[in-house]
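Please look over the sequence and the model before reading the points below.

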Amino acid sequence: MAIEFEIYYILFILVIPFLIFSLIWTIFGLLYPLVFVWGIITSGKNIDKMIEDVNRRESETRKLRGKDPLSTIDGGYRNNVSDSGLVYASGVFGPSHWHLLIGWLNNLFGGSVTIFQKVISTGRAEVIQRLRENAIADGWDDVINVRIDTADMTPQSSQKGVKGVEVFAYGTGIKYS
Amino acid sequence: MEQVVNGVLVVNTETIPGKKITETLGVVSGSTVRAKHVGKDIFALFKNIVGGELTQYTDLLQEARQEAVARMVADAMTLDATAVVNVRFATSAITAGAAELFAYGTAVKYE
């Protein structure tokens with residue numbers, strides 16, 4: 001009796017993960033076309049909305065400070081600085097699968113792939129604006145030595161998973177005495 | 001930001017603005033690998049079809065970066081450094097859904 005019970009127990013443990021995974025992928029397969037169509041309808045509009053939003057916040061910041069607080073130069077020449085510290089902002093952005101399809105078609109004909117450029121530059125503008133907002137929230141007057149990095153979220157070894165890039169901006173916040 | 005509260009100043013400039021560096025103590029670094037649970041991965045997969053920002057991964061990398069910086073600061077504290085200058089960051093995706101964050105800089109003493 002005891003041995004039989006153990007066999008059932010092992011079978012149970014082996015089967016349950018397969019069942020869960022198959023269930024998840026079945027749901028994914030069923031929902032995919034719906035979400036894809038939803039993406040076709042909304043993704044273009046969403047990018048335009050994001051651009052508008054970023055531009056509005058950027059002009060607000062410029063109005064608040066009178067100028068852009070960010071600069072990429074090292075602040076060695078400044079001598080009236082009382083305090084400094086690291087400030088950073090990041091975001092992960094991906095094109096929709098509809099945009100991937102357009103981009104793939106665009107690739108066939110060559111030239112600039114406008115749709116990816118639009119997605120990534122929007123993400124970058126958003127992250128730079130977040131850096132400005134973080135700096136203001138932390139109480140810095142200016143941000144010097146700003147660097148902007150872009151890292152691929154999808155590893156080269158596997159083509160599974162999400163398609164996206166991570167944009168990361170960092171700099172040194174300074175306070176004038 | 002919380003890593004500056006630890007008593008170690010962190011900047012990514014070569015010099016500390018308004019202060020004088022007296023001694024360099026060597027390279028310090030901190031790294032971390034983090035992943036989200038499957039539920040959030042699946043949600044991100046769906047969000048990826050529609051496009052736009054993947055908030056789950058933004059949060060993931062934000063947490064990971066804070067941890068990497070905290071480890072770098074802890075490394076600097078073992079050297080009795082008062083600041084870490086010229087901080088650089090590196091990101092690599094190991095598999096989809098897990099990311100390695102690496103932060104490094106030079107530990108220094110300033111007056």
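1. In chain A, of the contacts with a separation of 6 or more, 79% are between residues 24 or more positions apart. Here two residues are in contact if their C-beta atoms, placed from the backbone, lie within 7 Å.

2. The model is predicted: local features need pLDDT of at least 70, side-chain atom pairs count only at pLDDT 80 or more, and totals for chains, interfaces and linings use all residues. Residues are numbered from 1 along each chain as its sequence is written, while chains are lettered from A and ligands numbered from 1 in the order in which they are written.

3. Chain A has an average pLDDT (the predictor's confidence in each residue, from 0 to 100) of 86, and 92% of its residues score at least 70. Confidence in chain A is lowest in α1(A), with a mean of 86, and highest in helix α3 (residues 114–137) of chain A, at 91.

4. Three helices and three strands are found in chain A, and their order along the sequence is α-β-α-α-β-β. Helices (H or I, at least four residues) and strands (E, at least two) are DSSP runs, numbered from the N terminus.

5. Chain A is more spread out than a compact globule, because its radius of gyration is 24 Å, well over the 16 Å that the globule rule gives for 177 residues. That radius is taken over C-alpha atoms, and the rule is 2.2 Å times the number of residues to the power 0.38. The C-alpha trace of chain A spans about 85 × 50 × 30 Å along its principal axes.

6. Which parts of chain A meet chain B? The contact takes 50 residues from chain A and 36 residues from chain B. On the side of chain A that touches chain B, α1 (2–65), β1 (81–94), α2 (97–109), β2 (142–152) and β3 (165–176) each supply at least two residues. The most come from β1(A), with eleven residues.

7. Strand β1(A) also runs antiparallel to strand β3 (residues 52–53) of chain B, joined by two bridges; strands pair if DSSP finds at least two bridges between them. Phe93(A) has Glu53(B) in β3(B) as its bridge partner.

8. In chain B, the 24 residues of helix α3 (residues 55–78) should span 34 Å at 1.5 Å a residue, which agrees with end C-alpha atoms 35 Å apart. The expected span is 1.5 Å times one less than the number of residues. Just after α3(B), Asp80(B) takes a positive phi of about 60°.
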